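Dear colleague,

I am handing over the structure below, and my notes on it follow. Please read them alongside the coordinates.

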Amino acid sequence: MYNILVVDDEARIRSIIKKYAEFEGHKVTEAADGMEAVHFCRSAEFDIIIMDIMMPELDGFSACREIRKISNTPIIMLSARGEEYDKINGFELGIDDYVVKPFSPKELMLRIEAVMKRVNASSIIRTKKENVIVTLDNGGLRADVTARLVFIDGKRVDMTPKEYDLFFYMLENKNIAISREKFISDVWGYDFYGDVRTLDTHIKLLRKSLGRYAKLIVTLRGVGYRFEG
């Protein structure tokens, strides 16, 4: 059972999400705007947050920025707009997933499970005593897989949670051509629903974070990507 905070100014949306979440056995707290969401996060702990972008008082992006100052609770963003700018802005703020309205409640439940599975798996990995270290280019690019740390020329690179997931997945499958569908299925953890733009947006952010090593991620037109390690 997860303790879920649902943030949306539309009572109907909150009601639908709550209905399906409670049916799955989860506990749901509702917030009608970003300000209320931040207040809840300052006084209570949640396993995951489902938050709309366009809200009165404090929009979802601003609320996410404030929440990230005090908590690393996973966040799934909801939006009636699917523009790349909105996705990039959200992912750079550290959200874990992005769902465009109208959405399938069942799909949202799958996404919640996928995010929590990744978060729990990361916690288990961090408890291991021996860190798994991967180095490329004579140590110019160094990754501590266990601690989820990446260094370029000795300087730590800050990435979003999904950038880390993608990067480490590529390291495990270097020099292998991977389809967009397989990326979505393996990294996001749920069945492919056809929106490859989310993956492409994350790849763009990952390349930006990797700087001069961005060229290691090769685009395979009509197929997907390959990490040349």
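This is a predicted model: local features need pLDDT of at least 70, side-chain atom pairs count only at pLDDT 80 or more; totals for chains, interfaces and linings use all residues.

Residues are numbered from 1 along each chain as its sequence is written, and side-chain values use heavy atoms, with hydrogens and water left out.

A search of the whole structure gives six aromatic pairs (rings of Phe, Tyr and Trp, the last by its six-membered ring, with centres within 6.5 Å; planes under 30 degrees apart are stacked, over 60 edge-to-face, the rest tilted). One of them joins Phe167 to Phe227 edge-to-face, at 5.9 Å centre to centre and 80° between the planes; Phe167 lies in helix α6 (residues 161–172) and Phe227 in strand β12 (residues 224–227), 60 residues apart (helices are DSSP runs of H or I of at least four residues, strands runs of E of at least two, numbered from the N terminus).

Elsewhere, four strands form an open sheet in the order β6-β7-β8-β9, with antiparallel pairing (strands pair if DSSP finds at least two bridges between them). Its edge strands, β6 (133–136) and β9 (155–157), each pair on one side only. Strand β8 (residues 149–152) is joined to β9 by three bridges, and Val150 stands opposite Val157 in β9.

Best regards
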